[in-house]
Amino acid sequence: MIEVKDVTKKFGRKTVLNGVNFTAEKGKITCLIGINGVGKTTIMKAIMALTPIDGGQILIDGEKIHKGSYEKITFIPDTITMLPQMKVHEAFMFMADFYDSWNQKRAEELLEFFRLKETDRISDLSKGNTAKVNLILGLALDVDYVLMDEPFSGIDIFSREQIADVFTSHLIEDRGVIITTHEINDIEHLIDKVVLLDNGVVLREFDTEEVRENEGKSVIDVMREVYRA
Amino acid sequence: MNRFLKLVNFEFSRFFKLYLVLVGITVLCQMVGVIFEARRYVGRANKAIYEDLLSKSDFISQYGTMSFFRFSETLWFLGPIMLAGVTLLIYVFFIWYRDWFGKNTFSYRLLVLPTARLNIYLAKATTVLLFVLGLIALQLLLVPAEMQIIKWLVPDELRTDFSIATISNHYYLGVLFPMTIADFILIYGVGIVAVCVVFTGILFERSYRLKGIFLGILYAAVSILVFFAPILVNELILRNYFYANELFYMELGTCLLTLAGAIWIGNYLMNKKIRV
Amino acid sequence: MDVKFNNRDPVYVQVIQFFKEQIAKGFFEPGQEIPSRRELANQLKINPNTAQRAYKEMEEQGLIFTEGNLPSRITKDEQVLKMVREELVLEAVTTFIHSVRSINMPLQEALKIVEQEYEKE
């Protein structure tokens with residue numbers, strides 16, 4: 001389980017995170033929701049130690065992050081994390097070289113699923129295809145936790161459906177996923193847990209099925225409620 | 001260790017093409033240059049002796065003999081060295097900044113590799129060192145070759161041959177090809193320390209951005225002060241109290257101290273303060 | 001299988017509802033093998049956890065059964081099947097009554113219209 005405890009962070013004089021608290025369990029898909037600039041990406045980067053925090057603690061399976069953690073958790077940002085001049089198979093080789101948890105077979109499986117070729121050069125790919133390669137770089141690792149930042153942003157609708165398919169497949173099963181997105185409609189019925197952020201704090205953290213059962217509300221209903229208050 | 005070596009290999013291959021270009025330019029420029037200069041000298045000598053009817057000894061007292069020294073002062077020889085120097089200087093910065101700028105967000109990947117982040121720092125430093133040593137080795141091979149060409153093209157009476165040892169004693173060439181172990185350690189040791197201090201300065205900027213530039217410069221200044229402390233203290237305060245020998249060891253000490261500081265601070269910044 | 005899920009009712013409940021409908025309509029036969037949890041999640045485009053929960057509930061309600069490590073299957077129990085059919089009809093009837101009750105028409109007349117329309121199809 002990933003635990004974010006009382007995390008604070010300032011950018012210059014502006015306080016972006018003001019005591020953020022939530023957990024993301026393994027085997028569940030947790031969605032961070034909030035307006036642009038609320039700090040969703042910052043939280044993800046903080047979990048990965050790609051940006052420092054000013055206060056609070058982040059634990060992954062009870063431990064603070066260390067170099068070995070990167071074989072257990074991966075981050076898929078909305079930018080490609082490989083050299084643009086590399087070809088896809090070179091990117092795979094790089095990953096295989098450095099990560100014990102790299103699953104080449106799965107990478108090839110995903111490549112086929114997304115209808116891309118090993119010989120494609122990353123800088124030549126369209127935005128949608130680049131996003132897919134980026135996804136593969138994350139999903140082909142046998143890690144316990146996957147963090148995805150806006151996986152649907154700027155993607156055409158068919159690519160989006162393909163990417164959404166990934167969430168219902170064995171590729172996500174048993175893993176802990178944290179995702180941020182604006183396209184809630186596409187995946188509302190796929191998420192297990194929602195964390196609503198505003199003004200640097202968590203306004204509400206809830207299980208989607210529970211709220212549907214006990215309150216008869218959809219995620220968007222709750223959002224309306226919470227953000228209009 | 002394994003991942004460290006892989007990182008070195010990775011960084012090395014990223015620069016390799018440009019490196020080969022530098023090697024090519026150096027070889028071409030210096031080879032063409034030595035042939036050109038040797039022939040030009042002989043041409044001028046011939047003109048003076050056969051047309052203007054100057055005697056050989058008069059010509060020599062006026063223009064001097066052809067030697068490697070003469071060639072080493074020309075742009076043919078110095079140009080490639082300066083080019084390589086400037087390129088490597090730029091690369092010391094570029095090797096870090098390239099992963100942050102433009103469409104390149106490779107820094108996201110580097111910092112989440114399952115390896116100590118210090119290895120990234122050390123791998124980059126090692127790569128720079130390997131390149132410098134490589135170019136020095138190249139130059140060491142070229143010098144005798146160039147001397148040989150001068151021997152072939154210029155008649156004995158118009159030529160002065162020097163040994164490599166003598167050449168290394170002369171001006172700046174001694175800096176590039178030090179003859180004693182102590183000198184070698186001193187010069188390349190200082191080089192490594194300088195690179196590491198610059199690296200850590202860069203990390204200050206990458207951690208604190210604008211504020212970081214000031215911190216980085218401040219850090220570099222402090223490092224330089226610490227590094228030269230023995231010499232400064234010796235000359236300015238104690239009026240040359242220490243022997244050269246003693247000073248050498250003290251300098252060695254501050255050299256190691258500065259290096260340790262650079263690496264320790266760099267490691268701290270990479271693990272606790274850096275942001276993509 | 002193409003099911004449209006609404007976002008206000010628990011997804012797992014909607015899945016169970018879907019199964020009941022398929023059973024009542026005869027599209028799922030008694031004893032028929034059903035897809036694994038994973039396959040179902042993939043086909044319906046839902047979270048595997050939801051599929052898991054739906055199967056658990058259906059197992060508890062007796063709608064499906066699993067023998068050992070074999071794939072789960074639709075129940076063969078006539079009682080259960082009858083109950084499902086009744087439940088669905090009751091739902092439709094409740095909806096009908098609710099719509100019609102407020103209209104000013106005697107029950108007998110309304111039922112006659114039901115019969116007429118039913119015969120037509």
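What is the mean pLDDT of chain C, and what share of its residues reach 70 or more?

## Confidence

This is a predicted model. The mean pLDDT of chain C is 88. Of its residues, 99% reach 70 or more. Within chain C, helix H1 (residues 11-25) has the highest mean pLDDT among the elements, at 92. Helix H5 (residues 107-120) of chain C has the lowest, at 87.

For the model, the ipTM is 0.93 and the pTM is 0.89.

## Which chains touch

Two pairs of chains touch, and the pair with the most contacts is A and B. Chain A also touches chain C. Chains B and C share no contact. Their closest C-alpha atoms are 28 Å apart.

## Chain A

Chain A contains eight helices and nine strands. Its C-alpha trace spans about 50 × 35 × 30 Å along the principal axes.

How does the radius of gyration of chain A stand against that of a compact globule? For 229 residues, such a globule would have a value near 17 Å. Chain A has 18 Å, so the two agree.

## The contact between A and B

Chain A puts 20 residues into this contact, and chain B puts in 18. H5(B) supplies the largest share, three residues.

What is the make-up of this side of chain B by residue class? Eight of its residues are nonpolar, seven are charged and three are polar.

## The contact between A and C

Here 20 residues of chain A meet 15 residues of chain C. On the side of chain A, the elements that give two or more residues are helix H7 (208-215) and helix H8 (219-228). H7(A) gives the most, with three residues.

By class, this side of chain A has eight charged, seven polar and five nonpolar residues.

## Helix packing in chain B: H9 and H10

One partner is helix H9 (residues 181-237) of chain B. The axes of H9(B) and H10(B) come within 6 Å. They cross at roughly 170°. Angles over 145 degrees count as roughly antiparallel, so H9(B) is roughly antiparallel to H10(B).

The contact of H9(B) with H10(B) has 23 nonpolar residues, nine polar and two charged.

## Helix packing in chain B: H6 and H10

A further partner of H10(B) is helix H6 (residues 117-153) of chain B. The two pack at about 130°, with axes 8 Å apart. At that angle, H6(B) is oblique to H10(B). The crossing of H6(B) past H10(B) is right-handed.

Which residues make the contact? H6(B) brings Arg117(B), Leu118(B) and Tyr121(B). H10(B) brings Gly266(B), Asn267(B), Met270(B) and Asn271(B). By class, the contact of H6(B) with H10(B) has three nonpolar, three polar and one charged residues.

## In brief

Chain A touches chain B and chain C, while no contact joins B and C. In chain B, H10(B) lies roughly antiparallel to H9(B) and oblique to H6(B).

Note on methods
Residues numbered from 1 in each chain as written. Chains lettered and ligands numbered in written order. Predicted model: local features only at pLDDT ≥ 70, side-chain atom pairs only at ≥ 80, totals over all residues. Contact = placed C-beta atoms within 7 Å. Helix = DSSP H or I, 4+ residues; strand = E, 2+ residues; numbered from the N terminus. Nonpolar A, V, L, I, M, F, W, Y, C, P; charged D, E, K, R; others polar. pLDDT = per-residue confidence, 0-100. Axes fitted to C-alpha atoms, helices over the stretch in contact; angles between N-to-C directions. Parallel < 35°, antiparallel > 145°, perpendicular 65-115°, else oblique. Left-handed = near helix turned anticlockwise from the far one by under 90°. Rg over C-alpha atoms; globule rule 2.2 N^0.38 Å.
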